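Please keep the sequence and the structure in view while reading.

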Amino acid sequence: MDNTNINQQHAVYDARTLGRKKMYILGIQHMFAMFGSTVLVPAIAGLSVAAALLFAGIGTLLFHLITKMRVPAFLGSSFAFLGGYIGVTQMGADAGLSAAQALPYACIGVFCAGLLYFAMAGLFAAFGTKRVMKYFPPVVTGPIIIAIGLTLSGSAISNCTTNWFLALVAIFIIVSCNIWGKGMIRIVPILLGVLGSYLVAAITGNVDFSSVKDAAWIGLPVQWENTSFFVLKDPNLNLLTSAIATIMPIAFATMVEHIGDMCAISSTIGKDLIENPGLHRTLMGDGIATCIASLFGAPANTTYGENTGVLNLSKVFDPRVIRIAAVIAIVLSFCPKFSAVISAMPAATIGGVSLILYGMISAVGVRNMVEAKVDFTRSKNVIIGALILVFAIGIKYGANDSINVGVSLSGLAVAAIVGIVLNAILPDKD
């Protein structure tokens with residue numbers, strides 16, 4: 001990768017310059033950035049929110065350990081597997097099982113999908129990053145990163161429309177702090193945007209705290225009957241086979257997303273993480289996090305673009321900040337009352353914050369191509385970039401939200417496959 005050293009362009013902070021107290025505040029900011037999406041996936045799929053928090057934290061710490069503590073990435077619940085969870089739930093209903101009984105089968109499918117990460121990591125380890133990465137040049141990964149932000153933007157707008165005033169309060173605070181703020185104010189704009197908008201919502205009566213009052217202070221995040229182990233004592237083999245066949249192919253899309261995220265983080269922090277610690281390590285870390293989470297009934301994990309957006313805004317690239325957020329997530333998973341407080345946060349507040357963060361993801365994709373000097377006067381590059389964006393966005397916001405080719409593929413998955421194949425087969429005629 002050809003990355004401009006961002007340390008020369010911006011003020012970059014680390015633990016030595018910030019001190020412990022400020023690092024903890026930054027960790028809380030990263031926790032807030034990931035929280036909305038991390039709890040939304042299990043809420044939609046019917047999985048445990050507390051388990052999602054617990055294994056997001058554990059998965060992140062394992063990821064950092066495997067990647068030599070060098071990659072400032074947070075791993076949270078993956079949206080890519082939602083279709084798989086819902087599909088297996090429907091299969092379970094056809095077999096006479098409730099959603100709660102069918103979901104552990106989906107989790108076993110996700111476990112098998114996580115194993116594919118190890119196979120891909122083996123390819124990088126065996127053939128070297130440069131050999132494999134020639135199939136993932138900036139003309140492919142750049143538009144994919146842009147598409148990640150743009151396809152997520154719809155959910156941000158939907159949340160904003162629930163109360164545009166609260167969303168605009170969050171946006172105004174974030175922009176003001178980032179442009180005109182000084183010192184710590186400029187480093188934690190996301191956290192201040194969340195707190196400010198939430199406070200305004202509470203004052204104006206736009207928050208329902210009844211669930212907070214009823215929630216317990218301490219509780220276990222994992223229930224045995226929700227784990228994959230519970231199913232294995234008397235499995236429905238037909239459903240198990242179908243779940244694995246349905247969910248495993250999704251890993252090919254999420255692995256390409258992972259490579260795009262690593263390129264985005266590399267571009268953001270000005271270090272080539274593709275080479276050091278290497279994609280074989282980052283893929284292995286992502287795979288282990290996903291496998292462990294799925295065994296205990298938590299959603300599949302993935303590297304989070306929201307936290308890359310926070311890195312971009314705060315200019316604090318020290319991975320210790322992310323590990324602080326991971327520890328906080330683990331601790332809070334044992335507190336149902338805190339989960340209820342966050343769940344009570346208005347959707348508009350989450351939408352306003354997400355609008356900024358998702359836009360930052362797309363901006364990183366643009367910068368990735370600019371820094372790599374991708375030449376769009378070449379027809380091949382124009383065709384690849386155009387088709388990636390059109391497939392990703394067109395399918396996402398089309399009638400069916402996916403394409404069925406034996407398995408259901410999201411727009412992002414189709415776009416990634418099209419981009420990789422075209423880059424490999426199209427000749428350079430210019």
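Is Lys 373 buried or exposed? Lys 373 is exposed, with a relative accessible area of 69%. The residue sits in the loop between helix 19 and helix 20 (379-396), and its phi is positive, about 55°, although Lys 373 is not a glycine. Met 69 also has a positive phi without being a glycine, near 65°. Met 69 belongs to the loop between helix 3 and strand 1 (75-77) and, at 38% relative accessibility, counts as partly exposed. A further backbone feature is the cis peptide bond between Asn 276 and Pro 277, where omega is about 15°; Pro 277 is part of helix 15 (residues 274-295).

The average pLDDT is 83, and 90% of the residues score at least 70. Among the elements, helix 3 has the highest mean pLDDT, 93, whereas strand 4 (residues 408-410) has the lowest, 61. Over residues 1-11 the pLDDT is below 50, yet this stretch has 28 contacts in the model beyond near neighbours in sequence. Where pLDDT is low, the predicted coordinates should not be read in detail.

Helix 3 (residues 49-66) contains Thr 60. With 0% relative accessibility, Thr 60 counts as buried. Leaving aside residues up to four places away in sequence, Thr 60 touches Ala 73, Phe 74, Leu 75, Ile 322 and Ala 326.

Phe 81 touches several residues beyond four places away in sequence, among them Val 110, Ala 113, Ile 247 and Ala 300. In soluble globular proteins, nonpolar side chains tend to be buried together.

Helix 8 (residues 164-180) has 17 residues and spans 23 Å from its first C-alpha to its last, close to the 24 Å expected at 1.5 Å a residue. Its buried residues include Leu 166, Val 169, Ile 173 and Ile 174, and also Ser 176 and Asn 178.

How many salt bridges does the structure hold? There are two. Side chains of opposite charge can pair when their charged atoms come close. Asp 318 lies in the loop between helix 16 (305-314) and helix 17 (319-332). Asp 318 is buried because its relative accessible area of 8% is under 20%, while Arg 320 is partly exposed at 42%. The side chain of Asp 318 also reaches the backbone nitrogen of Arg 320 at 3.0 Å.

The other salt bridge links Glu 371 with Arg 367, their closest N and O atoms being 3.6 Å apart. Both residues are in helix 19 (residues 347-371), and because they are four residues apart there, about one helical turn separates them. Glu 371 and Arg 367 are both buried.

Definitions and conventions: Residues numbered from 1 in each chain as written. Predicted model: local features only at pLDDT ≥ 70, side-chain atom pairs only at ≥ 80, totals over all residues. Heavy atoms only, no water. Salt bridge = Lys/Arg side-chain N within 4 Å of Asp/Glu carboxyl O. Buried < 20%, exposed > 50% of the residue type's maximum accessible area, 1.4 Å probe, protein only. Helix = DSSP H or I, 4+ residues; strand = E, 2+ residues; numbered from the N terminus. Expected span 1.5 Å × (residues − 1). Contact = heavy atoms within 4.5 Å. pLDDT = per-residue confidence, 0-100. Polar contact = N/O pair within 3.5 Å; in protein donor to acceptor, adjacent residues only side chain to side chain.
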